[in-house]
Amino acid sequence: MSEARSLTLVPKTAARQTAKDFKSDQEVRWCPGCGDYAILAAVQGFMPELGLAKENIVFVSGIGCSSRFPYYLDTYGMHSIHGRAPAIATGLATSRRDLSVWVVTGDGDALSIGGNHLIHALRRNVNLKILLFNNRIYGLTKGQYSPTSEVGKITKSTPMGSLDAPFNPVSLAIGAEASFVARTVDSDRRHLTEVLRQAAAHPGTALVEIYQNCNIFNDGAFDALKDQQRAQEAVIRLEQGRPIRFGAPGPDGLGRKGVVRDQATGDLAVVEVTPENAASVLVHDAHAASPTTAFALSRLADPHTLHHTPVGVFRDVERPVYDTDMAEQLDAAVARQGDGDLAALLAGNDTWTVVG
């Protein structure tokens with residue numbers, strides 16, 4: 001079988017599986033209370049839904065607390081190089097299209113040393129599912145500020161407060177032309193599982209930002225989104241085809257607050273919903289061809305208080321999938337020229353004979 005033809009391998013389906021089938025024999029070693037435990041449990045519980053044999057699933061990680069993930073899943077996995085997981089996973093996904101390839105990374109791993117690898121995987125639209133654990137701190141190296149830490153953050157490396165403006169991972173992904181972008185929270189298992197379900201079904205790159213608590217170095221960073229009473233006013237749940245409403249229920253059973261577009265500036269704003277402005281509340285459309293509204297939604301949250309934080313799928317659109325197109329090119333080349341001569345390909349037309 002030629003290298004090109006190996007791209008058409010068919011993944012194996014599996015008999016009925018449970019979460020237990022995806023638990024490895026390795027002792028799970030994170031700090032007690034770490035949000036990574038909840039994410040691991042959700043992923044292990046979701047994996048059987050793929051219906052794939054375990055040898056057709058691969059998790060690739062970089063470096064960081066989250067990057068221990070492959071040890072704890074009974075699938076193929078690779079604990080790779082700092083920031084380079086998307087690049088390694090790209091090679092795997094393009095050469096073995098029978099595999100379901102997942103990347104596990106953190107805010108430091110993905111957005112600092114790995115920033116270029118992340119954005120290029122997103123723009124290429126390789127068939128990868130990227131889970132970005134965001135705890136807004138460096139946990140593995142003991143509490144330095146990270147690319148998502150808020151301005152003024154006091155840490156071991158910024159004792160007078162961080163001066164860096166943080167990345168917004170969702171905004172970054174939408175700006176890099178990602179075809180699927182979502183955000184969820186570690187402790188909301190039902191929501192996390194539903195987002196994973198939609199990401200897995202998406203053809204191409206799916207980036208899922210997961211707000212994850214580091215109870216040692218940044219405890220309580222997302223309490224505003226987790227406390228039931230506070231979350232009602234802070235969290236905006238994005239649901240396809242539904243008005244973007246949140247807050248305490250009003251007379252119509254929907255949230256008393258809504259997201260509208262300011263007619264003067266075009267920006268999005270949060271308003272108290274009244275009978276007069278109810279028709280102006282935006283209806284969420286993750287499938288919109290233009291990324292404008294999805295990007296604007298990603299900018300709504302206050303970076304310090306987290307008030308008006310949207311969660312859910314921001315964007316889910318179809319674009320050409322890199323590895324699919326590449327396989328078609330290779331198959332077309334083989335059909336025209338046969339398997340080819342590797343030595344002739346390496347030598348090319350520009351060669352020299354050196355006479356001693």
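I am working from a predicted model. I went to the largest pocket and got about 720 Å³ of space in it. Its lining takes in 31 residues, and closest to the centre I find His191, Arg237, Leu238, Glu239 and Val311. By class I have 13 nonpolar, 10 polar and eight charged residues in that lining.

Which elements give two or more residues to the lining? I noted strands E5 (180-185), E7 (235-238), E8 (245-249) and E11 (309-316), plus helices H6 (189-201), H7 (223-226) and H8 (228-234). Why look for pockets with a probe at all? Rolling one the size of a water molecule over the atoms shows where empty space is left.

**Overall build**

I have 11 helices and 11 strands in the protein. The radius of gyration comes out at 23 Å, close to the 21 Å from the globule rule for 356 residues, so I put the protein down as being as compact as a globular protein of that length. Along the principal axes, the C-alpha atoms fill a box of roughly 80 × 50 × 45 Å.

I looked up burial next: 47% of the 356 residues are buried. Then I took the contacts between residues at least 6 apart in sequence, and 66% of these join residues at least 24 apart.

**Cores**

How many residues are in the largest nonpolar core? I get 36, and the ones with the most contacts inside it are Leu118, Leu122, Leu128, Leu207, Val259 and Leu297. There is also a second, separate core of 30 residues, with Phe59, Ala199, Val208 and Ile210 among them.

Setting aside neighbours within four places in sequence, I see leucine 128 in contact with Pro86, Ala89, Thr90, Ala93, Val101, Ala121, Gly204, Thr205 and Ala206.

**Helix H1**

On helix H1 (residues 36-46), I list Asp36, Ile39, Leu40, Ala42, Val43, Gln44 and Phe46 as the buried residues. What do they pack against? I find strands E1 (57-61), E3 (100-106) and E6 (206-211), along with E4 and H6.

Most residues other than glycine have a negative phi. I stopped at two residues with positive values.

Arginine 136 has phi near 60 degrees. I place arginine 136 in the loop between strand E4 (129-134) and helix H5 (169-175). Is arginine 136 buried or exposed? Its relative accessible area is 8%, and the cut-off for buried is under 20%, so I call arginine 136 buried.

Lysine 142 has phi near 85 degrees, and I find lysine 142 in the loop between E4 and H5 as well. With a relative accessible area of 45%, lysine 142 goes down as partly exposed, because that class runs between 20% and 50%.

**Valine 317**

Last stop: valine 317, which I locate in the loop between E11 and helix H10 (322-337). At 11% relative accessible area, valine 317 is buried. Which residues does valine 317 contact, leaving aside those within four places in sequence? I noted Ser179, His202, Ala286, His287 and Ala288. I also checked valine 317 against aspartate 188, which is 129 residues apart from it along the chain, and their C-alpha atoms are separated by 25 Å.

Note on methods: Residues numbered from 1 in each chain as written. Predicted model: local features only at pLDDT ≥ 70, side-chain atom pairs only at ≥ 80, totals over all residues. Heavy atoms only, no water. Core = buried A, V, L, I, M, F, W, Y, C linked by side-chain atoms within 4.5 Å. Buried < 20%, exposed > 50% of the residue type's maximum accessible area, 1.4 Å probe, protein only. Contact = heavy atoms within 4.5 Å. 1 Å grid on protein atoms, 1.4 Å probe; cavity = no way out; pocket = protein on both sides within 12 Å on 5 of 7 lines; lining within 4 Å. Points joined across faces, edges and corners; volume = space filled by probe spheres on them. Helix = DSSP H or I, 4+ residues; strand = E, 2+ residues; numbered from the N terminus. Nonpolar A, V, L, I, M, F, W, Y, C, P; charged D, E, K, R; others polar. Rg over C-alpha atoms; globule rule 2.2 N^0.38 Å.
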